[in-house]
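Hello,

Here is the structure I promised to send you. Have a look at it first, and then read my notes below.

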Amino acid sequence: MSIDRRSIALHVGLITVLFVGCFALNDYHQGNVARILVLATYAIGYNVMFGYTGLLSLGHAMFFAAGLYGLGMAMHYGGLPAIPAFVVGLICAAVLSALVAVLALRTIGVAFMIVTLMFAQSVFLAILYFGDWTRGDEGFVIAQSTRQVLGLDLTDPVTRYLAALALFSAALLITARMMHVRFGRVLIAVRENEERTRMLGYDVFRHKFLAVVISGTISGAAGAGYGLLFGYVGATFASVQYSIFPLLWVLLGGAGTTIGPLVGTIFMFYLIDYSSALTNAYMLIAGVVLVLLTLFARAGIMGEIRKRWAPWLP
Amino acid sequence: MAAMTLLETKGLTKVYGGLSANEDVDFVLPAGQVHALIGPNGAGKSTFVGMVSGRIPATAGEVWFDGQDITHVPAHKRMKMGMAYTFQITAIYARLSLFENIALALGSRDNRAAKAALERVGLADRADQIAGDLSYGHQRLLEIAMGVAQAPRLLILDEPTQGLAESEIEGFNTLIRSLAGETTILLIEHNMNVVMALAEEITVLDNGRFLARGTPDDIRNNKQVQDAYLGSG
Ligand SMILES: Nc1ncnc2c1ncn2[C@@H]1O[C@H](COP(=O)(O)OP(=O)(O)OP(=O)(O)O)[C@@H](O)[C@H]1O
Ligand SMILES: [Mg+2]
């Protein structure tokens, strides 16, 4: 099989397995995987910037939150139906990421990390500051009756799972396609050697800018999807913790691989889930596993698989 | 009829702190010529081509390419206008395959075009290898192949033969001769055998300043150049 065919088979196969999972899994895991799919969408967004373009952001929670609050406020206060509210969420994330890109891309390396961290912190504090509207830490609930799309009830577990899968699949296929065409190849080139890429005639700034906007918008789509499917909007999702999560998921699953973000999110979710059933010190177990992985599987799970057995993995 | 001018610099100057790495360099390069730029270490050769390619902003002066003032045009646009640049210190994508490296230079993933471009430096059978695993000489050849693959009008080569074996230098000379005529080449080179074999004209820089220009024979017999650079051979 050619690389293209293998890559298509991989992505379509994965989506099919997840689709079957909706009906094969018990209620508990079905609920978990629905949540994982939305969070993995967030990780896919993060991966565009970190894994493929080599830009390490410590502030992605602001994009997730932009989508989450964009949708949440539009529904809660604006009375908008789900789909227009989702679009509002996307626009909020796209505008914020364009703004952050223009300002943060003036810096590189550690300075870039710190600038993104500071931006995210400002967004977090703004959410708390406007607590009258955002309900701050406590957050607010999006009424169940409004969480409907085309006559489908998104609060129903099966519908919710399938909606989460649709969101995840869109993000997965968009990034897989993107990394297949020249634009994505140039992002990798920027990551590998910026100066060489510039001197081959590519507009490095433009590519980085678009990477940040695409990354931020996918992350925002995940945030909007989260609000819509789980009905809760709160400031925790804008906190530093939520900026670190996607970094961990992507590192674990394999930075710069298309399905690594999902693998990492599943791995971490169930690692915490199982270890917290065993002991109160579940973060310790999670920490030890993370350390082992970074010692023995530097490239993350899918990254190691690519290195050892499947160099064609996209 | 005088040949068309492809590249021209007027009073090009670069000052680092107190040091003038280039001072008031006027230079004219006719289209189609293979031109060598020589001079002692630190003479300002890399700085000069850096300003020509846009990697290094000029402190003063102008760069004209194909009749246009490009002094303020960013580097990537200059490349799009038809320049290609190979670095003195090898700059390839070390973690990507040779095919990926060439595809990025070509701007296309056409397998045959990539193979043909690698073939020009004898690396076609290594297309699937990771560039960083190549020997140093082969990495240099890859970088040269990338420059050639861009099908530039002006190819700037900064010490391309440094680190190449004798046989590879032969191959390099053949490659450059095959481009001569269509591609204008600005070649920085310390290996005088290569310079004498390839260059139609030579410019000598010394201490950031223009020292001399002429045919290989002129330069070989130039007293000033002998003192500054060639030694009394
Ligand atoms: N970024 C920089 N900052 C300060 N000084 C620099 C910088 N780059 C070059 N120089 C100085 O400018 C002068 C010219 O350097 P350049 O690299 O252009 O010389 P060169 O002719 O290419 O030498 P070589 O043959 O060793 O490559 C040198 O004295 C060098 O130390
Ligand atoms: Mg030099």
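Let's start at ligand 1: one of its oxygen atoms sits 3.0 Å from a side-chain N or O atom of B:Asn41, a polar contact, meaning a pair of N or O atoms within 3.5 Å. On its own, ligand 1 exposes 630 Å², and the protein buries 61% of that (areas by the Shrake-Rupley method with a 1.4 Å probe).

Before going on, please keep in mind that this is a predicted model, where local features need pLDDT of at least 70 and side-chain atom pairs count only at pLDDT 80 or more, while totals for chains, interfaces and linings use all residues. Residues are numbered from 1 along each chain as its sequence is written, chains are lettered from A and ligands numbered from 1 in the order in which they are written, and side-chain values use heavy atoms, without hydrogens and water.

Now the magnesium ion, ligand 2: B:Ser46 (OG) and B:Gln88 (OE1) coordinate this ion at 1.9 to 2.1 Å (donors are N, O and S atoms within 2.8 Å of the metal, or 3.2 Å for Na, K and Ca; water is not among the atoms, so sites may look incomplete). B:Ser46 belongs to helix H1 of chain B and B:Gln88 to the loop between strand S6 (83–86) and helix H3 (98–106) of chain B, so the pair ties together parts 42 residues apart in sequence (helices are DSSP runs of H or I with at least four residues, strands runs of E with at least two, numbered from the N terminus).

Best wishes

Methods:
A polar contact is a pair of N or O atoms within 3.5 Å; within protein, one must be able to donate a hydrogen and the other to accept it, and residues adjacent in sequence count only if both atoms are side-chain atoms.
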